[in-house]
Structure formats: structure tokens, C-alpha cells
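Have a look at the structure first.

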Amino acid sequence: MQRAFIPYRALLLIIVLALTLMPAYAQDDVIRVGAVAPLSSPGSYQQGKELLLGLQWAVDDINAKGGLMGKQVKLFVEDSQGKPPEGAKAVEKLITKDKVVGIAGEYHSSVCNAEIEVFHRYGIPFVIGSCWYDGLTAKGYPEVYRTSVFNSKQAENIAGLIKANGIKKVAALVEDTDYGIGIAENIKTMMKVLEVDAEFDFEVVEKTSKDFVPILLKYKTRVKPDLLVVAVTQPGGFLLLKQAHEIHFAPSPGTMVLDGTCTAQNAEVFWSALKDAGQYIMMACPYSSSVQVTELGEAIKKRYIDQFKREPNYLPLQGYDAMF
């Protein structure tokens, strides 16, 4: 679980000030914290549920050890629905109605981008759960922190894979959000930084589209990439991958596929949605079961495996980290 970018003393100071300077919070018999995630369509609700699991487990563990400052922690949860306006509305409700002293979570970068303006306006701390857009922390808001991976690092890994495997022609289909456009621009930049000798082209698509076939046919017949990078969050991303398979485009001997969202790591959801279309898809992920994590991370992994009888993806770990 990544610890970069978190000035913990600054975060602790903000929380302590919130608790001591705001009587409505300090006089309560609990410490109120918030969680926000996409829990319904059109958001990536399966990913949101995994993220929320980690957020909730962190609160449960803190309470089991006696809570904070002699009080139990109460978690208030809101559904951002994967929509920026709904995310901003959810955060405002948590702050003004539920009186939380801090919030963690979120998955969609475009939603995060709307939410951070609310946090900045109210001076309430926010620890990003799994929004990858670099610009979220680039604004320098003192209320906004990140524990998770970010686009430029993912792009560096993808560019490194392209170079290491001698791939010469790369195309990317990316969603029309800060995440999608951000990762495409970062791949382009990192290919230059790493001096990758390959062509790179990307196109922005509507993540809510129901028909990706016309654009896929263009790439199949005219662009003909050696590698197709897909950066479209599910459910749109699953539909795109399924349609690429149905028109016999990719994955194929001529065109490999790299899922940049890592939604494939939720194996049950991935195979249920794609079936045969999921075969041979590579994925760029911020976590692998083969990677050694901290003692706490190993405990969370075991807890997940014991409950669900499968390996976790990165989201419960990131949710736990953000809330903890």
C-alpha cells in the first residue's frame, strides 16, 4: 500500500483542528467520518463496492482497538454514482448534514475533480481512495491527499512494457474523462522520456457508449496496431472489450490488448461480463498478489481471502489505506 504524498502531520493537524474548533463535532459522542464511492450505475459500482469494503474495514479495526481520542468512529456513506455533480452533492451532504470531520474514497477521477472543490471550500480533509488523475493533487489544495497510484506512474509502466517488448505501433482508446485523457497524454510523454521507438495514437471515446464497433473497425482495418491500450472503466470498458472480440479484432495474433483500468483483477466480475472475450487480455495494475506488501497489507489480503475465497484486487487495500 503506497504511502507517498501524505504529509501525515499536516493531515493530523487538520483533523485535530476540526475536532477541537467545531463544537458540533467535538460534543458528539462519536467521531464522524465519511466515505464516498460509485455504488450504482453509471458509475463502476462493482469497483466502488470493493473500495468501500476497505474503507469500512479500516473503521471497524479502529473501533475494535478503542476508537480515536476515546470515541468510536461512525462511518457515513454516500453514493457518487460515477457522476461529477452527484459526487459534489454527496460530499456537501456529508459535510453539512452528517457533520463529518473528514472523508476518504472515490474511484472516478472526473468525480474526484468535482469533489475536491467542495473540500477546498469547506476546509475538510479528503484522502483519495483510487482516483488516478495527476491534476487532483497538482492543484496543491491543503485539504486533498492521495495514497493511491496515479496516471503518470501507470503510464511509465505501460511505456516500459512497450519498450521492453519491442512493440512498434500502439493505439489507445480512452474514456472522455480526466482519467482517460490523462493516462493517454502521460503514455505519450513517458514514451518520449523513455525513448520508446514506437508510434502512438489515441482516441477519446464516450465511456457510456453502447456501440464501440465503428471506432474499433477503423482501428482494425486502417490503424492496425500491434498493441491496443483500453482505458475505459466498466461497464463501458467491458462492452468495448467484448465488441473488439466479436469483430475478431483483438486480442488476436496481430493485436494484443492491455486493459489500463485493471478491472480484470476482479476475476468474478470480469469473466462473468466477458467470458471468452476476456482471454489473452493483459492488464496494467497497481497491485499483484505476487508483490510483497506490508504486514498490515498481508492481514487485509488474508481477511479478504477468508471471506470471499479469492485473491483481492487493489481496491480493498487502497480503501483501507485511505481511511486508515
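The contact (heavy atoms within 4.5 Å) draws 19 residues from domain 1 and 20 residues from domain 2. Domain 1 covers 30–149 + 293–323, while domain 2 runs over 151–283; such bounds come from an automatic or database domain assignment.

A few words on the ground rules. Residues are numbered from 1 along each chain as its sequence is written. Because the model is predicted, local features need pLDDT of at least 70 and side-chain atom pairs count only at pLDDT 80 or more, while totals for chains, interfaces and linings use all residues, and side-chain values use heavy atoms, with hydrogens and water left out.

## Salt bridges

A salt bridge is a side-chain nitrogen of Lys or Arg within 4 Å of a carboxyl oxygen of Asp or Glu. The structure has 13 of them, and the count between domain 1 and domain 2 is one. Here are two pairs from the structure:

| Salt bridge | Closest N and O atoms |
|---|---|
| Arg310 with Glu268 | 2.9 Å |
| Arg121 with Glu92 | 3.0 Å |

Arg121 sits in helix α5 and Glu92 in helix α4 (residues 84–96), so this pair ties together parts that are 29 residues apart in sequence. Helices (H or I, at least four residues) and strands (E, at least two) are DSSP runs, numbered from the N terminus.

One joins Ser41 and Pro42, with omega about 10°, and Pro42 is in the loop between β1 (30–37) and α3. Another goes from Ala250 to Pro251, with omega near -5°; Pro251 is in the loop between α10 (236–246) and β9 (256–259).

Gln81 isn't a glycine, yet its phi is positive at about 60°. You'll find Gln81 in the loop between β2 (72–79) and α4.

## How confident is the model?

pLDDT is the predictor's confidence in each residue, from 0 to 100. The chain's mean pLDDT is 91, and 92% of its residues reach 70 or more. Over residues 20–24, though, the pLDDT is below 50.
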